[in-house]
Amino acid sequence: MPAWDEPGSGPSRLCPPPLPLPAPARAPPPPPVWRDGGRAAGRARGSGAARTPPPDPVPAGAGGGHWAPSDPRPVPRPRVAGIGDHRLEGRTRGAYPKLFPASCPPPRASPVRPKHLTVAFLKTHKTAGTTVQNILFRFAERHNLTVALPHPSCEHQFCYPRNFSGRFVHPATRPPHVLASHLRFDRQELARLMPPGTIYVTILREPAAMFESLFSYYNQYCPAFRRVPNASLEAFLRQPEAYYRAGEHFAMFAHNTLAYDLGGDNERGPDSTYLASLIRQVEEVFSLVMIAEYFDESLVLLRRLLAWDLDDVLYAKLNARAAGSRLALPAALARAARAWNALDAGLYAHFNASFWRRVARAGRGCVEREARELRAARERLLRRCFGERPALRPAAQIRTRQLQPWQPSRKVAILGYDLPRGGAGAATDACLKLAMPEVQYSSYLLRKQKRRGGARPRPEPAPAPEDPPPRPIRALPRAAPGA
């Protein structure tokens with residue numbers, strides 16, 4: 001079973017040792033109430049801003065574990081192929097952060113656990129997943145790891161929205177250590193691709209805020225959204241059945257997208273039995289489900305799970321929309337969005353509650369302190385890379401072409417960072433990668449990994465006539481830079 005707590009940690013003032021897991025005396029609490037209709041969730045997503053978390057759901061050390069919705073006892077995760085085995089060759093020794101002091105160092109007698117190098121990240125849509133992907137890409141580069149990347153015919157996603165298949169992976173990127181591009185989850189296919197000992201993680205976002213982002217971002221591509229007069233989110237949520245057609249191109253962006261990405265049936269209604277089954281399937285595979293509204297706390301748990309340094313999870317916010325591209329989401333619309341996406345709402349409620357039980361298990365004060373240190377170090381890094389007043393800017397104002405983010409349409413502006421004039425050297429390259437958008441970084445890594453076997457990229461073998469290269473149902477067209 002994957003370890004959850006501080007690598008090599010023992011008793012300390014802020015991080016008490018984990019206690020045995022007795023059955024709690026009371027039922028798990030409800031998730032935090034979204035009093036502003038989810039608008040704060042959109043502001044906080046991946047921003048690093050300070051936030052007030054909900055009260056401790058259970059006393060520190062008394063809870064934690066994976067919980068079935070109808071059973072208050074911790075549910076042990078069964079061992080399955082490719083999951084939970086930490087005996088991995090080629091790992092590097094972890095060390096405590098170089099940019100700032102460790103908040104909860106282990107006792108000197110405790111051994112330091114090696115960094116875990118095999119990670120599969122299920123990149124869900126509009127959940128700060130691009131920022132997590134960038135963290136994993138940079139870690140893989142620093143440690144000379146192989147990143148699974150899509151076949152060119154799939155563009156920069158693994159032929160989403162089709163069910164994932166190993167055929168979608170470029171042959172020059174197999175066998176991989178890290179996987180972090182968009183795909184629809186398929187447990188058996190991923191277990192065949194990833195090595196034993198791979199740790200699986202994903203991220204969820206509050207469904208009302210996520211749906212507003214989906215409606216804005218994919219408004220030109222999802223037929224259900226295109227049918228709505230005046231691109232009105234209110235009109236769609238007032239009568240979604242009038243615009244939604246199950247099974248058509250990109251329909252999953254308009255209904256229970258989280259459930260679909262996780263491999264579930266997004267057409268199921270608010271069926272508690274099916275929801276419980278889907279939750280169990282997620283818990284059997286994923287060692288950590290992060291929460292976008294508590295991005296920094298999620299990264300603290302991620303780095304502990306993987307025995308990484310806090311330096312390894314520093315980030316720049318990527319794929320962020322301009323304020324003018326965001327749609328109003330009053331409380332009534334937020335309720336309607338959660339009702340329409342009832343499966344997603346049930347998934348989020350469960351894993352948001354289990355997230356805070358996990359924080360309590362790790363030591364609430366310790367996690368909060370590390371999150372503060374992460375935010376402070378991140379701000380120093382951004383100033384060092386992008387100037388004393390680092391700011392996200394429109395693509396048209398970004399001179400460095402490698403940093404110009406893809407624009408989904410003329411109605412949605414995606415922001416990015418730019419490098420100051422006159423930069424050069426290793427530090428500049430590191431800053432470039434910190435802010436590099438997904439499309440450019442994926443292309444760069446593919447070229448780099450194809451060159452590993454020789455001076456020139458290897459030619460791709462022509463597929464057999466009976467097995468044509470995989471193609472997405474319909475690719476998103478590329479917009480001109482700055483459009």
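In which sense do β4 and strand β5 pair, and over how many bridges? They pair in the parallel sense over two bridges. The structure is a predicted model, in which local features need pLDDT of at least 70, side-chain atom pairs count only at pLDDT 80 or more, and totals for chains, interfaces and linings use all residues. Residues are numbered from 1 along each chain as its sequence is written, and side-chain values use heavy atoms, with hydrogens and water left out.

View 1. Five strands with parallel pairing form an open sheet in the order β4-β5-β3-β6-β7. β4 (147-148) and β7 (286-291) are at the edges with a single partner strand each, so one side of each has no neighbour in the sheet. Helix α2 (residues 129-142) packs on the sheet and touches β3 (119-122), β4, β5, β6 (199-204) and β7; its direction makes about 165° with that of β3. Helix α11 (residues 342-362) also packs on the sheet, touching β6 and β7, and its direction makes about 100° with that of β7. Val 147 stands opposite Val 178 in β5. Strands (E, at least two residues) and helices (H or I, at least four) are DSSP runs numbered from the N terminus; two strands pair if DSSP finds at least two bridges between them. Axes are lines fitted to C-alpha atoms, for helices over the stretch in contact, and angles run from 0 to 180 degrees between N-to-C directions.

View 2. Ser 181 is found in the loop between β5 and α3 (187-193). Its relative accessibility is 0%, so Ser 181 counts as buried (under 20% relative accessible area, with exposed over 50% and partly exposed in between; 1.4 Å probe, protein chains only). Leaving out residues up to four places away in sequence, Ser 181 touches Lys 123, Gln 133, Phe 137, Leu 149, Pro 150, His 156 and Phe 158, a contact being heavy atoms within 4.5 Å.

**View 3. Helix α4.** Eleven of the eleven residues of α4 (residues 207-217) are buried, so this helix is largely enclosed by the rest of the structure. Among them are Met 210, Phe 211, Glu 212 and Tyr 217. Glu 206 caps the N-terminal end of α4, with a side-chain oxygen 3.2 Å from the backbone nitrogen of Ala 208.

**View 4. The disulfides.** The count is two disulfides, each a pair of cysteine sulfur atoms within 2.5 Å. Cys 154 is joined to Cys 159, S to S 1.9 Å, and this link is left-handed, with -75° about the S-S bond. Cys 385 is joined to Cys 431, S to S 2.0 Å. Cys 385 lies in helix α12 (residues 364-386) and Cys 431 in helix α13 (residues 426-434), so the pair ties together parts 46 residues apart in sequence. Both Cys 154 and Cys 159 are buried, as are both Cys 385 and Cys 431.

**View 5. Aromatic pairs.** The structure holds 26 aromatic pairs. Rings of Phe, Tyr and Trp (its six-membered ring) pair if their centres lie within 6.5 Å; planes under 30 degrees apart count as stacked, over 60 as edge-to-face and the rest as tilted. Tyr 294 and Trp 356 have ring centres 4.8 Å apart and planes at 85°, so the pair is edge-to-face. Tyr 294 is in the loop between β7 and α9 (295-306) and Trp 356 in helix α11, 62 residues apart. Both Tyr 294 and Trp 356 are buried.

How values were computed. A polar contact is a pair of N or O atoms within 3.5 Å; within protein, one must be able to donate a hydrogen and the other to accept it, and residues adjacent in sequence count only if both atoms are side-chain atoms.
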